[in-house]
Amino acid sequence: MAQHMKLGAIFAGILMCCSAISTSFAAPIEAASGLDFDEDTEQHYVEIPVDSIQQFVQIYGIVKDNYVDVKPDEVLFQQAIKGLVGGLDRYSRYLSAEDYKQLMQYTEGDLASVDFALVFEQHTKQWQIRDLKEGSDSYKLGLRNGQKVIKIDDQIIQNLNHEQVYALLYGSIGSTLQIQTSLMNTPQTLVRNKKMEADIQPVLLHNQVLVLKVKVFQQDTANEIKRLLEEYDISKLKAVLIDLRNNPGGLLSAAVETADLFLNQGVIVSTKSRSEGNQQFQALPSSEFQKVKLGILINHRSASAAEVFTAAMKDHKRAWVIGEKSYGKGVVQKLFPLPDGAALQMTVSHYYTPNGSMIDGKGIQPNILYPLPNEMRDENYLDNVAEVLLKQK
């Protein structure tokens, strides 16, 4: 009887608090950000069907009374909140106070990996954890040096080379990935929290094609590309190939500024939102790099801001896109801080290409499909891609 009275009180409390939901609005982010957040709080009054609340309380009572282990009310409600937000899409999530505090320490646009290395052990033919420090985040989750890893984000890694494995480990700082240490174990979620160097790497090929490896779009990416093009004397180059393979995105503003280097008019990207309104980003008139032949190399891990840049160049027929279809992440997210120190990280807008196509869930198709063959060395692949680019009219 006491249990049913308690659930009745919970039901009444939910009905009372559901009529007013207070949220604190923040500036949009993509994955992780050190941006300042608005402190203004707006009261929103929403109607929630009583039948749905009754069903929730009924299920809550069944779980509370019958689950094999005793679960505190706080734990059950946390799980319910995580399910509500996490079930919206693959990017939205509930952040505990600790997770939110850690997220705010990151700088958006930084490239990161996990806090350990993976080394291929020739004797066992397995990838094993190395350089994991005691007390690190992954150590606290139960991982140990010498432990084998068989999957990263549902992809079996045994037959992958070093570059392919580390491409799976790298991503935007603060983003998550899943690793599996045994087919019998459930995947563990790790946060990419170790900042990696992300300077643009220029390579001038023998055929006078300048390859610019852009690992992530950062605040100074456009200026750095401009500097490199001037340094290598654009008039002597036959083409420029921007390598965006495994680029997880970064700053939208940096992708827009980089696209603006090569466009002199038109829409670069637009965003559409139910709550935030619609926006368009336009190219400014310019003639500095309009005549340079441009190619973009992408793969299935080119995402977000990298896709925005690629789509702008492709839709305006400014560059030849070579490689394989990109990842398909085209969302703007926003942080909603909560009074207890936690927060919601939620999708509020979608990116659209200049031609009006949504990027999220679809990706960008290359003009020329040419994935990296398994047996080919990367330098040979780049040579071949450059030759393909030079043949395009």
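**Exercise 1. Find which residues of α8 are buried in this predicted model.**

Step 1. Locate the helix. α8 covers residues 252-262.

Step 2. Apply the cut-off. Buried means under 20% relative accessible area.

Step 3. List the residues that pass. They are L252, A254, A255, V256, T258, A259, D260, L261 and F262.

Step 4. Draw the conclusion. Nine of the eleven residues of α8 are buried, and the helix is mostly covered.

**Exercise 2. Describe how α8 packs against α9.**

Step 1. Take the geometry. The axes of α8 and α9 (residues 305-315) come within 8 Å and cross at roughly 25 degrees.

Step 2. Classify the angle. Angles under 35 degrees count as roughly parallel. The two helices, α8 and α9, are therefore roughly parallel to each other.

Step 3. The crossing of α8 past α9 is right-handed.

Step 4. Name the partners. From α8 come L252, A255, T258, A259 and F262. They meet A305, V308, F309, A312 and M313 of α9.

Step 5. Sort this contact by residue type. Nine residues are nonpolar, one is polar and none is charged.

Step 6. Look at the spacing along a helix. An α-helix has 3.6 residues a turn, so residues three or four places apart point the same way.

**Exercise 3. Describe how α7 packs against α8.**

Step 1. Take the geometry. α7 (residues 221-231) packs on α8 at about 30 degrees, with the axes 8 Å apart.

Step 2. Name the partners. T221, A222, I225, K226 and L229 of α7 meet E257, T258, L261 and F262 of α8.

Step 3. Sort by residue type. This contact has five nonpolar, two polar and two charged residues.

**Exercise 4. Is D131 buried or exposed, and what is its phi?**

Step 1. Locate D131. It lies in the loop between β7 (126-130) and α5 (137-140).

Step 2. D131 has a relative accessible area of 60%, so it is exposed.

Notes: Residues numbered from 1 in each chain as written. Predicted model: local features only at pLDDT ≥ 70, side-chain atom pairs only at ≥ 80, totals over all residues. Heavy atoms only, no water. Axes fitted to C-alpha atoms, helices over the stretch in contact; angles between N-to-C directions. Helix = DSSP H or I, 4+ residues; strand = E, 2+ residues; numbered from the N terminus. Parallel < 35°, antiparallel > 145°, perpendicular 65-115°, else oblique. Left-handed = near helix turned anticlockwise from the far one by under 90°. Contact = heavy atoms within 4.5 Å. Nonpolar A, V, L, I, M, F, W, Y, C, P; charged D, E, K, R; others polar. Buried < 20%, exposed > 50% of the residue type's maximum accessible area, 1.4 Å probe, protein only.
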